[in-house]
Amino acid sequence: MTTTGTTATTTTGTTTAPRPLTGFGTVSGVPWLPDGFADVFESTLVRVGDVDLHTVQGGAGRPLLLVGGWPQNWYVWRHVMPRLAEHFRVVAVDPRGVGPSDKPRDGYDTGTVAAELVALMRVLGHERFAMAGHDVGMWIGYALAADHGAAVERLALLDAMIPGLAPDIPVFGPEAQNDMLWHFAFNRKRGLNEQLVRGREHLYYGDQFRTKAARPLPDSAVGFYVETLARDPEALRASFEYYRATDDNIAQNERRKQHPLPMPVLGVAGARSQGERLAALLGPVTERLDSVVLPECGHYVPEESPDALLEHLLPFLRA
């Protein structure tokens, strides 16, 4: 790929100007998108330090960073991005290890990833921005706001537990709880996970989507997510690395929670997923929290209930 444009220097090293990107996993290489999506958004590859990060950018206005979670990528935001782009410069990113972004061997603790995303936004010319994170993106969002508070105007956190903030879970808990959470322990195992899942990605990840969705996701979306992880052995490994960094994340969050987040925070949970537990989790670590529970919604909030999410997210971000 030919690179054009100027170079810039950030705290993480030398970067090149964003480059258009096509192919699998980009705007031009995913299943069904909302009408007119490609007229507003394009995929770009942005060099940040030693890592190339895939972003999907579009719209105009104040900058808004969107970070998805496991086992998904930027595509989780596709239903809400067009409406958001009417008011904001939207930057949906695949962090390291995700989608077409680079997949280094280490650096998957939330402190490292958060710093990298702050550097990304600076490369794009955004010193301050709003942010929304779902699932692992919520882990990253909390870390980013805690470690780089001056950069974050407003923060929306969607349906997850955060290591180091959530209460310990007993080994012999209820079966329904185990069905929802057993992957935390499995994903942290080193060396064996890839061997057990490789070639059976549709079974492992398919079970995750079935178990956690109150409204089933389209087969095309599930198939895309599974193929993203199945077609590249490094993608499968990297998907587990976020969980293998749990000890580091717990230690980091033990420090972070001593200082509640000062910026406005919106918590959004599915009633058939985290529900009221999300507000209980975020209350002690925030100073200005609004929270909402979406009825008949499971874990995959931006896909299961995009309109209901926007009813709360847009007023919050535009305030």
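This short report walks through the overall build of a predicted protein model and then the surroundings of one serine.

## Overall build

Let's start with the whole chain. The protein contains 13 helices and eleven strands. Its radius of gyration is 18 Å, close to the 20 Å that the globule rule gives for 319 residues, so the protein is as compact as a globular protein of that length. Along the principal axes, a box of roughly 55 × 45 × 40 Å holds the C-alpha atoms.

Contacts across the sequence are worth a look too. Taking contacts between residues at least 6 apart in sequence, 74% join residues at least 24 apart.

Of the 319 residues, 57% count as buried. The protein exposes about 13,300 Å², and carbon and sulfur atoms supply 51% of that area.

## A look at Ser 273

Now to a single residue. Ser 273 sits in the loop between β10 (261-270) and α11 (277-282). Its relative accessibility is 8%, so Ser 273 counts as buried, the cut-off being under 20%.

Which residues does Ser 273 touch, leaving aside its neighbours within four places in sequence? They are Asp 159, Met 180, Cys 297, Gly 298 and His 299. With Asp 159 there is also a polar contact of 2.6 Å, joining the side chains of the two residues. Pro 71, for its part, is 202 residues from Ser 273 in sequence, and their C-alpha atoms are 16 Å apart in space.

Methods. Residues numbered from 1 in each chain as written. Predicted model: local features only at pLDDT ≥ 70, side-chain atom pairs only at ≥ 80, totals over all residues. Heavy atoms only, no water. Helix = DSSP H or I, 4+ residues; strand = E, 2+ residues; numbered from the N terminus. Rg over C-alpha atoms; globule rule 2.2 N^0.38 Å. Buried < 20%, exposed > 50% of the residue type's maximum accessible area, 1.4 Å probe, protein only. Contact = heavy atoms within 4.5 Å. Areas by Shrake-Rupley, 256 points an atom, 1.4 Å probe, with all protein chains shown as cover. Polar contact = N/O pair within 3.5 Å; in protein donor to acceptor, adjacent residues only side chain to side chain.
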